[in-house]
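Hello,

Here is the structure I said I would pass on. My notes on it follow below.

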Amino acid sequence: MAVKAMKASEVARRVVEKKDLFILDVRNEDAYADWKIESDSFQYMNVPYFELLDGVEEIMEDIPKDKELLVVCAKEGSSQMVAEMLADEGMEVSYLEGGMKTWSEHLEPVKVGDLPNGELYQFVRLGKGCLSYMAVSNGEAAIIDATRMTDVFINFAKAKGVEIKHVFDTHLHADHISGGREIAEKTGAVYWLPPKDAEEVVFEYAPLTDGEQVRIGDTAIDINALYSPGHTIGSTSFVIDNRFLLSGDILFIDSIGRPDLAGKADDWVGDLRETLYSRYRELSENLIVLPAHFMIMEEVNDDGSVQEKLGTLFDKNHGLNIEDENKFRALVTENLPPQPNSHQEIRQTNMGKITPDIDKKQEMEIGPNRCAVKA
Amino acid sequence: MNADKVLDAKGMACPMPIVKTKKAMNDIESGQVLEIHATDQGAKADLAAWSKSGGHELVDQSEDDGVLKFWIKKK
């Protein structure tokens, strides 16, 4: 039986549509425990490929015959080998094209709302939990928290027939490499960064300050910068068209930002609390919160988007409901999850201090984002 | 470190470094050491895990100018 290659986009569709899929992940156990393709509707089995070099007979009976079967590995080679062995045993089987490396890079654009003469899109990076945004209005576009897959954004804008005018990062990212600077260089757009996060960057940028207002389209939408420190000292949120709150890594759907990724947990706890418990409280509860990450599949809605009303988060997000300041301090500074892979090198890359090649960049971004703490 | 056999797996992508290592291990005796050269970064974690699961000992490893070297003592 012939082995088929399944594209990351096909896997993404199965995740969003909650379809069945049996994943045989043949990476080593540590890699699998650290990070895998997450879906509530999938079933999983992890057997490292090097345990299967002599044959797949031993695992045959553990693989259900009534489910679609996908073999997954880091880059593709091993999964293809194992898939071929399974096919020789008469199984109908696919392998993930490009492996987890490609899965990590896959972006799925989802429309989250209409804007005057335009739309707001969320780019969901299912494999890593990163969320980027493109606001389109009257032939112009702004991009927020772009990932390094810059072609996706540039081609999307081309297909929409809009010109990218502004590119923003809510903060200096520590979990993934920003595509902001590259998009700005390729399109002539302005690249905005919060100056307090950008003190060490080695390139030109436009400094984002509290209350700064950027307009897209002739008469259309306003993007208001709201200084909201805590995850990093420069962290800035944006309110688009008075309806959408792009909260960066400050507030997520089911968790809140962690203050330690730039090494300053104790210093920034107060800022984080001030932002979440005071500054955000002053905003309209009807704002739709659009964060820069999600951590678990429960945060992804049925339409594949990640969004929730601010008022709902004030009710349901535990990180917004810790009365006691000391308890809050303990939550965000003690027993934190491990820091994202290569977070120091990723910060250096985003500052322009080092310029790794594409293989190295992919290597640095392997694994989940781990930007949140959950109460 | 003195090796009894050297395997050049440079330029090979996963799973070939492990496939070749497994074959090369068949050619040496218990207690002898196989030295492997590879450039696939994934080999680091995989060779360590493979050695462990097979009961072999990963005696040493190094990285020099993009070339990974491993010394594995056969069970």
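In β16(A), Phe244(A) is the bridge partner of Ile240(A). This is a predicted model, in which local features need pLDDT of at least 70, side-chain atom pairs count only at pLDDT 80 or more, and totals for chains, interfaces and linings use all residues. Residues are numbered from 1 along each chain as its sequence is written, and chains are lettered from A and ligands numbered from 1 in the order in which they are written.

Strand β16 (residues 244-248) runs antiparallel to β15(A), and three bridges join them. Strands and helices here are DSSP runs (H or I of at least four residues for helices, E of at least two for strands), numbered from the N terminus; two strands pair if DSSP finds at least two bridges between them. On β15(A) there is also an antiparallel pairing with strand β14 (residues 221-227) of chain A, over five bridges. There, Ser237(A) in β15(A) stands opposite Leu226(A).

β15(A) and β16(A) form a hairpin with three residues between them. Asp241(A) counts as partly exposed because it has 19 C-beta neighbours inside 10 Å.

Other backbone points

Ser342(A) also has a positive phi, near 50°, and lies in the loop between α10 (325-333) and α11 (343-350) of chain A. Ser342(A) is buried, since 21 other C-beta atoms lie within 10 Å. In chain B, the peptide bond from Cys14(B) to Pro15(B) is cis, with omega near 10°; Pro15(B) sits in the loop between β1 (5-9) and α1 (16-26) of that chain.

Chain A as a whole

Chain A contains twelve helices and 20 strands. Its radius of gyration is 21 Å, which agrees with the value near 21 Å for a compact globule of 375 residues (taken over C-alpha atoms; the rule is 2.2 Å times the number of residues to the power 0.38). The C-alpha trace of chain A spans about 65 × 50 × 40 Å along its principal axes, and 51% of the 375 residues are buried.

Chain A is divided into domain 1 (4-102) and domain 2 (107-373), with bounds from an automatic or database domain assignment. The C-alpha centres of these two domains of chain A lie 32 Å apart. Their contact takes nine residues from domain 1 and seven residues from domain 2, where contact means C-beta atoms, placed from the backbone, within 7 Å. Helix α1 (residues 8-16) of chain A gives the most to the domain 1 side, with three residues.

Contact between the chains

The contact takes 15 residues from chain A and 13 residues from chain B. On the side of chain A, α2 (29-34) and α4 (77-88) are the elements that give two or more residues.

UniProt records

An unreviewed UniProt entry places "domain: Rhodanese" at residues 17-112 of chain A, and another feature from an unreviewed entry, "domain: UPF0033", is placed at residues 7-31 of chain B. UniProt positions are given in the numbering used here, feature names are shortened, and annotations may be inferred rather than shown by experiment.

Regards

Notes
A residue is buried if 20 or more other C-beta atoms lie within 10 Å of its own, exposed if 12 or fewer, and partly exposed in between; C-beta atoms are placed from the backbone. Two residues are in contact if their C-beta atoms, placed from the backbone, lie within 7 Å.
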